[in-house]
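Please keep the structure open while reading.

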Amino acid sequence: MSYKITSKCISCKLCISACPVNAIKIVDGRHWIDPNLCTNCVGTAYTVPQCVAGCPTCNGCVKETSDYWECWFATYNQLLAKLTKKQDYWENWFDYYSQQFSRQLEKNVSC
């Protein structure tokens, strides 16, 4: 399983010089990792992939999954984690919209 460069890439080009197998290329102005060349830095002197280690954005270079559903669930779990990071997000949402609904209902009843 190789790595891929995401839309979070800021084009700093640090990954190009960090890759020990020269798997990172620039195609049409975008960074791209050749999956045929990427070895995940296995068999090199490094214990972690150097594109990930050198990326200043932390999410600019991520593991690419070959299974559609595995990729879908990974994306889903990332988005869900962003939503549930805030304490009581859903309770606040419910309270706010319940109040809006009850105000609207009061307006309709008083007319």
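Helices here are DSSP runs of H or I with at least four residues, numbered from the N terminus. The model is a predicted one.

By that numbering, helix H3 covers residues 68–84. Trp69 and Phe73 are 4 residues apart in this helix, so about one helical turn separates them. A pair of aromatic rings is described by how far apart the centres are and by the angle between the planes. Under the pairing rule used, the model has 5 aromatic pairs. In one of them, the ring centres of Trp69 and Phe73 are 6.4 Å apart and the planes meet at 45°, so this pair is tilted. Stacked pairs need planes under 30 degrees apart, and edge-to-face pairs over 60. Phe73 has a relative accessible area of 43%, so it is partly exposed.

Trp72 and Tyr76 form another pair: the ring centres are 5.5 Å apart and the planes are at 5°, so these rings are stacked. Both residues belong to helix H3, where they too are 4 residues apart, about one turn. Trp72 is partly exposed at 38% relative accessibility, and Tyr76 is partly exposed at 40%. Ring pairs join Trp69, Trp72, Phe73 and Tyr76 into a cluster.

The other part to look at is strand E3, residues 30–33, which contains His31. Is His31 buried or exposed? Its relative accessible area is 8%, so His31 is buried, the cut-off for buried being under 20%. Setting aside neighbours within four places in sequence, His31 has contacts with Ile5, Cys9, Ser11, Lys13, Cys15, Ile16, Ile24, Lys25 and Ile26.

How values were computed
Residues numbered from 1 in each chain as written. Predicted model: local features only at pLDDT ≥ 70, side-chain atom pairs only at ≥ 80, totals over all residues. Heavy atoms only, no water. Helix = DSSP H or I, 4+ residues; strand = E, 2+ residues; numbered from the N terminus. Buried < 20%, exposed > 50% of the residue type's maximum accessible area, 1.4 Å probe, protein only. Contact = heavy atoms within 4.5 Å. Phe/Tyr/Trp six-rings, centres within 6.5 Å; stacked < 30°, edge-to-face > 60°.
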